[in-house]
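Please have the sequence and the 3D view open as you read.

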Amino acid sequence: MFYSDSHIHTNYSADVPASRALSVDDICRAAIGAGLSYIAITDHYEPDEVKSGIAAPFRFPEMVQDVLTAKETYKDQLRVALGIEYGQPYLEPDEIQPTVTAYPYDIILGSVHYIPGKPYFISRNYRELTEDERRAIFDEYLDTYNVLVHTEGIDVVTHPTYPLRYLLRQNIPFDMRDWEERLRAMFRVLVERGVGLEFNAAPMRVPNQGIPDHTVETFFRWYREVGGEIVTFASDAHFTAHVGAYCDRTMRILRELGFRYVAVYENRKPVFHKIEF
Ligand SMILES: [Zn+2]
Ligand SMILES: [Zn+2]
């Protein structure tokens, strides 16, 4: 069985403090220990935050050098891919192409982490909002995600259920059926454009307070039904202990949903590996 993890962070990400030792080398050793055959190092780069001075400039040359060194060091045990997680790339579209052509990237992730001028999804108290307000947040999120889905230069779009995980963690039920047609339409665009969809297992590590989280499965059922085939696995690890976490369970879920392959990216192209149990 081929186990991969296409979304992992290191000390080059601003949300990993320097006090938490998490070098590219630490990640590679954790991945080998976890029995993975492929990892992608995908540190956060939020160009809009760098431009506005909220975030420090991204250390591209050092990060790239560390990954290229690791590729060589571990080549007999582990395929190490050079990646990046672009936050809100559609806000700074002119940034994407020059950056990704400057380095030998394997995989470019695109993410929606926030909407400018609005509170971060992760830090909202959804319980003090009305249902209409919560629906409006999800509407706006999907509008933004739809822009991401159309953004040029992105190989895989990440964590599609992002705000829902926080709602569920606060024990608030959410009926996705009202959004089914919109989500299916968005997934059709991914299929037409050949862009991959990430199965992000981070919510599996945080048990919800009362409501089981089936949102990711539901999203992938709809994606499959519109012809979606390019699925990557993501732990979204910010700790060595999380590298590859829940990969096996995710492969079983995907298999049950009818997916036969998991994708990894090399030189910006999907490579498919059979899911077999
Ligand atoms: Zn992210
Ligand atoms: Zn991430």
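## Overall size

What radius of gyration would a compact globule with 277 residues have, and what does the chain have? The globule would be near 19 Å and the chain has 18 Å, which agrees; the radius is taken over C-alpha atoms, and the globule rule is 2.2 Å times the number of residues to the power 0.38. Along the principal axes, the C-alpha atoms fill a box of roughly 50 × 50 × 35 Å.

This is a predicted model, where local features need pLDDT of at least 70, side-chain atom pairs count only at pLDDT 80 or more, and totals for chains, interfaces and linings use all residues. Residues are numbered from 1 along each chain as its sequence is written, with chains lettered from A and ligands numbered from 1 in the order in which they are written.

## The sheet

The chain has nine helices and nine strands; these are DSSP runs numbered from the N terminus, with helices being H or I of at least four residues and strands E of at least two. Seven strands build an open, parallel sheet in the order β1-β2-β3-β4-β5-β6-β7, where pairing takes at least two DSSP bridges between two strands. At the edges are β1 (4-8) and β7 (231-234), each pairing on one side only.

Three bridges join β1 in the parallel sense to β2 (residues 38-45), and Asp5 stands opposite Ile39 in β2.

## A helix pair

Helix α7 (residues 180-193) and helix α8 (residues 215-225) have axes that come within 9 Å and cross at roughly 55 degrees. Those axes are lines fitted to C-alpha atoms over the stretch in contact, with angles from 0 to 180 degrees between N-to-C directions. That makes α7 oblique to α8, the class left when angles under 35 degrees (roughly parallel), over 145 (roughly antiparallel) and 65 to 115 (roughly perpendicular) are set aside.

Glu180, Leu183, Arg184 and Phe187 of α7 meet Phe219, Trp222 and Tyr223 of α8, contact requiring C-beta atoms, placed from the backbone, within 7 Å.

Conventions: Two residues are in contact if their C-beta atoms, placed from the backbone, lie within 7 Å.
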